[in-house]
Amino acid sequence: MSTLKADTVQSTGGGATTLTKQSAAKCFGSCDFSTNSTADLLSGSLNASGLTDNGTGDGTIAFTNNFNSTTHAFQFNVAFDSGSANDDVGNVGHYRQARSASSMRFVAQVPNTLAADDSEHITFTVHGDLA
């Protein structure tokens, strides 16, 4: 077993290395719709420049750097408060509109009714190649 230790990793051309041939998430973050505040979106996020509240449970995430196509893969998780001792897990669906390389629209829903919900904790990741 060998150990590799380095202070700096560079490309063969001397520049910083990039994630061009890897499948790391190119965007991630979280938000709280229950307080009508999107301030926490940028806290600990990557490549998310803003969030628009389009209505109950309906939001649009703007990317800082666009993806190179509209075929990026996304994953959302939702927790909402139904009044029970534990948070409940909800559904999030991609909004039925033309997909964009610069943003992603979504709707958070209560699982048993599919009603849109201003969920208290939405987390997301987006995978794909950046432009």
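The model is predicted: local features need pLDDT of at least 70, side-chain atom pairs count only at pLDDT 80 or more, and totals for chains, interfaces and linings use all residues. Residues are numbered from 1 along each chain as its sequence is written, and side-chain values use heavy atoms, with hydrogens and water left out. Helices (H or I, at least four residues) and strands (E, at least two) are DSSP runs numbered from the N terminus.

- Ile122 is in contact (heavy atoms within 4.5 Å) with Gly29, Ser30, Cys31, Phe33, Phe76, Asn77, Val78, Phe106 and Ala108, leaving aside its neighbours within four places in sequence.
- In soluble globular proteins, nonpolar side chains tend to be buried together.

**Aromatic pairs**

- The structure holds four aromatic pairs; rings of Phe, Tyr and Trp (its six-membered ring) pair if their centres lie within 6.5 Å, and planes under 30 degrees apart count as stacked, over 60 as edge-to-face and the rest as tilted.
- The pair of Phe63 and Phe67 is edge-to-face, because the ring centres are 4.9 Å apart and the planes stand at 70°. Both Phe63 and Phe67 are buried (under 20% relative accessible area, with exposed meaning over 50% and partly exposed in between, for a 1.4 Å probe and protein chains only).
- Phe76 and Phe124 form a tilted pair, 6.1 Å centre to centre with 40° between the planes. Phe76 lies in strand E4 and Phe124 in strand E8, so this pair ties together parts that are 48 residues apart in sequence.
- Phe76 counts as buried at 12% relative accessibility, and Phe124 counts as buried at 3%.
- Ring pairs link Phe74, Phe76, Phe106 and Phe124 into a cluster. Phe74, in strand E4, is partly exposed, with a relative accessible area of 29%.
- The C-alpha atoms of Phe74 and His127 are separated by 6.2 Å, although these residues are 53 residues apart along the chain.

**Strand pairing**

- E3 and E7 run antiparallel and are joined by five bridges; two strands pair if DSSP finds at least two bridges between them.
- Asp58 stands opposite Val107 in E7.
- Six of the seven residues of E7 are buried, so E7 is largely enclosed by the rest of the structure.

**Loop residues**

- His72 is placed in the loop between strand E3 (58-63) and strand E4 (73-80), and counts as buried because its relative accessibility is 3%.
- The side chain of His72 reaches the backbone oxygen of Ser69 at 3.3 Å.
- Not counting residues up to four places away in sequence, His72 touches Phe63, Phe67, Arg99, Ser100, Ala101, Met104, Val126, His127 and Gly128.
- Asn47 lies in the loop between E1 and E2 and has a positive phi of about 60° although it is not a glycine. At 10% relative accessibility, Asn47 also counts as buried.

Terms used: A polar contact is a pair of N or O atoms within 3.5 Å; within protein, one must be able to donate a hydrogen and the other to accept it, and residues adjacent in sequence count only if both atoms are side-chain atoms.
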